[in-house]
Amino acid sequence: MIIEEIMKKTVTTLSSTDTIATAIKIMDAQKIRHIPIVNPGNEIVGLISDRDIRDAKPSKLDFTDQKKLLDTQIIEIMVKDVITGHPLDFVEEVSAIFYERRIGCLPIESDGKLVGIITETDLLHTLVQLTGAHQPGSQLEVKVLNKTGVLADVVNVIKTQKVNINSVLVYPDKDPQYKVLVFRIQTMNPTGIITNLKKEGYTVMWPNIPGMHYE
């Protein structure tokens, strides 16, 4: 999945000469936490967040400085070195950027122009959809040898029970000879699948059903 499919294409923006008071008013009214700052050519020149505003606030008891802050232009506190993405970036790659750079949003630009924005909430919503976690069903974790074709083999075992697979994730195991396959399957009773997987010599890590022993 690419970013263009999930990004917000209608983006609220401000100019660097707008005041912090304006930014606060818009954030409160639209329930947003980040606003890209653009020039007249719609090129990104900065980014302001509710955190930037909080960090700039003086003591609540200092009313003089409060008024001064509200009248301050955004350029004084905005982040100028803005990390951006492209509409054709993959969601997985962008998720890694959020994780590594600890950012809350990512403006999306094409040909140097702002064309969209994506937030942590957007990514979380997409992850839920991709994994099928919002759909009724069960999670199945199977430890397998890290070799070619093993995923297809496990899928064939599940197929014999005529159960649909909503999603598949692959995690590395502590032992590099193995990996863990995580399935979201459309059944509330995976007992038959677990039994068949065990007969085929696979290790089922989850669910750990009482009374059933997994090697």
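Predicted model: local features only at pLDDT ≥ 70, side-chain atom pairs only at ≥ 80, totals over all residues.
Two strands are taken to pair if DSSP finds at least two bridges between them. E3 and E4 form a hairpin with two residues between them, and in the turn Asp-111 has a positive phi of about 55 degrees. Ser-110 has Lys-113 of E4 as its bridge partner. Strand E4 itself, which spans residues 113-119, is mostly covered, since five of its seven residues are buried.

Helix H5, formed by residues 120-131, has twelve residues, and the distance from its first C-alpha to its last is 16 Å, close to the 16 Å expected at 1.5 Å a residue. Asp-122, Leu-123, Thr-126 and Thr-131 are buried in this helix. Seen down the axis of H5, the buried residues fall within an arc of 150 degrees, and they therefore line one face of the helix. An α-helix has 3.6 residues a turn, so that residues three or four places apart point the same way. On the other side of H5, by contrast, Thr-121, Leu-124 and His-125 are exposed. The cover over the buried residues of H5 includes helix H4 (91-101), E4, strand E6 (165-172) and E7. Just after H5, Gly-132 takes a positive phi of about 70 degrees.

Four strands form an open sheet in the order E6-E7-E5-E8, with antiparallel pairing. E6 and strand E8 (203-206) stand at the edges with a single partner strand each, so that one side of each is left without a neighbour in the sheet. From one strand to the next, the twist averages 25 degrees. Between E6 and E7, which run antiparallel, there are seven bridges, and Pro-172 has Lys-179 of E7 as its bridge partner. Helix H6, residues 150-159, packs on the sheet and touches strand E5 (138-145), E6 and E7, its direction making about 35 degrees with that of E7.

Within E7, which covers residues 178-185, lies Arg-184. With a relative accessible area of 15%, Arg-184 falls under the 20% limit and is therefore buried. Leaving aside neighbours within four places in sequence, Arg-184 is in contact with a set of residues that includes Thr-131, Gly-132, Gln-135, Ser-138, Asn-164 and Ser-167. The C-alpha atoms of Arg-184 and Leu-151, which are 33 residues apart along the chain, are separated by 14 Å.

The largest nonpolar core has 16 residues, of which Leu-140, Val-154, Phe-183, Leu-197 and Tyr-202 touch the most other members. Two or more residues of this core are given by each of E5, H6, E7 and helix H7 (191-199), and H6 gives the most, with four residues. Not counting residues up to four places away in sequence, Val-154 touches Val-144, Leu-181, Phe-183, Leu-197 and Tyr-202. A second, separate core of 13 residues includes Ile-20, Ile-26, Ile-48 and Ile-77.

Leu-47 is found in strand E2, which spans residues 44-49, and at 13% relative accessibility it counts as buried. When neighbours within four places in sequence are left aside, the contacts of Leu-47 include His-34, Ile-35, Pro-36 and Ile-37, together with Met-78, Val-79, Val-82, Cys-105 and Pro-107. Leu-47 and Thr-13 are 34 residues apart in sequence, and their C-alpha atoms are 9.2 Å apart in space.

Some backbone features of the model remain to be described. Most residues other than glycine have a negative phi, and most peptide bonds are trans. Asn-42, in the loop between strand E1 (34-38) and E2, has a positive phi near 65 degrees, and this residue counts as partly exposed at 30% relative accessibility. Lys-162, whose place is in the loop between H6 and E6, likewise has a positive phi, of about 55 degrees, although it is not a glycine; at 76% relative accessibility, Lys-162 counts as exposed. A cis peptide bond, with omega of about 5 degrees, joins Trp-206 and Pro-207, and Pro-207 is found in the segment after E8.

Technical notes:
Residues numbered from 1 in each chain as written. Heavy atoms only, no water. Buried < 20%, exposed > 50% of the residue type's maximum accessible area, 1.4 Å probe, protein only. Contact = heavy atoms within 4.5 Å. Expected span 1.5 Å × (residues − 1). Arc of directions from axis to C-beta. Axes fitted to C-alpha atoms, helices over the stretch in contact; angles between N-to-C directions. Core = buried A, V, L, I, M, F, W, Y, C linked by side-chain atoms within 4.5 Å.
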